[in-house]
Amino acid sequence: MQKESISILGCGWLGLPLAGSLIKEGYSVKGSTTSEGKLDLLREAGIEPFLVTLDPEIDGEEFCDFLQSDILVVNIPPSRREDIVEFHIQQISSLIDALGQSPVRSVLFVSSTSVYPMLNREVTEEDAVDPESPSGQALLHVEEMLMQETGFQTTVLRFGGLTGYDRSPEKYLSRMSGITALDQPVNLTHRDDCVNIIMEIIRLQQWGEIFNACSPMHPLKRDFYARAAETAGIPLPPAISASEPSPFKLVSSRKLESALSYTFMHSGS
């Protein structure tokens, strides 16, 4: 039985290894990049490459060909700009218009746990109300836009604290002058788990869902960075005390673990 064809909008830190894993499993994969210099890198990985930007309108001469797939993975975070909410809404609006003229019937939207405010408790998928950060506000808006579409089904995947490979805590420790909120729990998702979770959603056809995807282990920031400093063999930056307890959120992934029968590879500790 022939597997679905998949397009990945955004073949960067996560999209490129995801494409590689999908190709190994027999899927045909199209991938986009905003850099002409990366087209050969995608081609060498077995990906059919496309040069695409959303600025905020779609700029890509062959974008219609890019969307000739069964499944689209959208992996483009909100841009860092003053009009972040309006701009990201315009980007996704342009994408939705194009999807209406395409054979895509399933969309996986890579979102973030920034859609949750600091509620000082465990948060589940129903707690995405009034995000505090502009990026969280932008993501929640476009999540709702995609979920409301009837021409395709969307699954939203909210990752938190992306880590692994070149995004290790050891890399950032040397740049830190001090560590705040030492008793704050950390939400983490290793890239290996990100890739495997997306693969499982596609394999199990889990469409029309919203899932959190964070490791079930939530080390305190003081312990997390102490282990990182020990691993790197560098001094731990000094603690910066605060007059009041730091707000936090503890992201639960029980819904995802149950629906996919998934066990996280990396504990986050």
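The structure is a predicted model. Its largest nonpolar core holds 32 residues, and helix α7 gives the most to this core, with 7 residues. A UniProt record, from an unreviewed entry, places the feature "domain: NAD-dependent epimerase/dehydratase" at residues 13-176.

**Annotated region**

**Nonpolar cores**

- In soluble globular proteins, nonpolar side chains tend to be buried together.
- Within the largest nonpolar core, of 32 residues, the members that touch the most other members are I8, L22, L157, I197, I198 and L256.
- Two or more residues of this core come from each of the strands β1 (5-9), β6 (71-74), β7 (106-112), β9 (153-159) and β12 (210-213), and from each of the helices α1 (15-24), α7 (191-204) and α9 (254-260).
- Helix α7 supplies 7 residues, the most of any element in this core.
- Not counting residues up to four places away in sequence, L22 touches I6, I8, Y27, V29, M199 and I202.
- Another core, of 30 residues, lies apart from the largest one, and its members include V52, L54, L146 and C214.

**Packing of α1 and α7**

- The axes of helices α1 and α7 come within 10 Å and cross at roughly 50 degrees.
- Because of this angle, α1 counts as oblique to α7.
- The crossing in which α1 passes α7 is right-handed.
- On the α1 side the contact involves P17, L18, S21 and L22, which meet R191, V195, I198, M199 and I202 of α7.
- L22 and I198 in this contact are also among the residues that touch the most other members of the largest core.

**Packing of α4 and α5**

- Helix α4 (residues 84-99) packs against helix α5 (residues 134-148) at an angle of about 25 degrees, and their axes are 8 Å apart.
- The angle therefore makes α4 roughly parallel to α5.
- As in the pair above, the crossing of α4 past α5 is right-handed.
- From α4, the residues I84, V85, H88, I89, I92, S93 and I96 take part in the contact.
- Their partners in α5 are P134, S135, Q137, A138, L139, H141, V142, M145 and L146.

**Backbone features**

- Most residues other than glycine have a negative phi, and most peptide bonds are trans.
- The peptide bond from D55 to P56 is cis, with omega near -15 degrees.
- P56 is located in the loop between β4 (53-54) and β5 (58-59).
- N120 is not a glycine, yet has a positive phi of about 60 degrees.
- The loop between β7 and β8 (121-123) contains N120, which counts as partly exposed because its relative accessibility is 44%.
- S261 likewise is not a glycine and has a positive phi, of about 50 degrees.
- S261 is in the segment after α9, and its relative accessibility of 66%, over the 50% cut-off, is why S261 counts as exposed.

- S5 is part of strand β1.
- With a relative accessibility of 17%, under the 20% cut-off, S5 therefore counts as buried.
- Leaving aside neighbours within four places in sequence, S5 is in contact with S28, Q68, S69, D70 and I71.

Terms used. Residues numbered from 1 in each chain as written. Predicted model: local features only at pLDDT ≥ 70, side-chain atom pairs only at ≥ 80, totals over all residues. Heavy atoms only, no water. Core = buried A, V, L, I, M, F, W, Y, C linked by side-chain atoms within 4.5 Å. Buried < 20%, exposed > 50% of the residue type's maximum accessible area, 1.4 Å probe, protein only. Helix = DSSP H or I, 4+ residues; strand = E, 2+ residues; numbered from the N terminus. Contact = heavy atoms within 4.5 Å. UniProt positions renumbered as here; feature names shortened; annotations may be inferred. Axes fitted to C-alpha atoms, helices over the stretch in contact; angles between N-to-C directions. Parallel < 35°, antiparallel > 145°, perpendicular 65-115°, else oblique. Left-handed = near helix turned anticlockwise from the far one by under 90°.
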